[in-house]
Amino acid sequence: MNRKINDKLKTIVRDILLLNDLETTHSAEDFPEVAVWSLKNALEKAYEQGALDTLAITEQEVTKATGWVPVAVKGLIDQVRKQLDL
């Protein structure tokens, strides 16, 4: 896993699941008690982050492939985000 993804996951783990990290310790610490709603929130945040990362890449690719001005591409991407409720 690349460093950027790992950093984002660490932030989600710390902020939402209230865990220090996701390192395996081969101890009882590997089995934290996590509320279902916290797990759901963490998964939603990871999904949204992945969707936003994909849209950022797509924005650059669309600009290059179409020759559209970045502002037009950004408007298109903003509409997609709105439709996806991101």
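Which residue's side chain does Asp53 join in a polar contact of 2.7 Å? Some notes on that and on the helices around it.

1. The partner is Lys8: its side chain and that of Asp53 make the 2.7 Å polar contact (N or O atoms within 3.5 Å, one able to donate a hydrogen and the other to accept it). Bear in mind that this is a predicted model, where local features need pLDDT of at least 70 and side-chain atom pairs count only at pLDDT 80 or more. Residues are numbered from 1 along each chain, and side-chain values use heavy atoms.

2. Asp53 sits in helix α2 (helices are DSSP runs of H or I, at least four residues). Its relative accessible area is 24%, so Asp53 is partly exposed (buried is under 20%, exposed over 50%, partly exposed in between, with a 1.4 Å probe).

3. Ala46 also belongs to α2, residues 36–66. At 31% relative accessibility, Ala46 is partly exposed. Its C-alpha atom lies 15 Å from that of Val36, 10 residues away along the chain.

4. Just past α3, Asp85 has a positive phi of about 60 degrees.

5. As for packing, the α2 and α3 axes come within 9 Å and cross at roughly 150 degrees, so the two helices are roughly antiparallel (angles over 145 degrees). Among the residues that meet are Leu52, Leu55 and Val62 in α2, and Val73, Ile77 and Val80 in α3 (contact means heavy atoms within 4.5 Å).

How values were computed:
Axes fitted to C-alpha atoms, helices over the stretch in contact; angles between N-to-C directions. Parallel < 35°, antiparallel > 145°, perpendicular 65-115°, else oblique.
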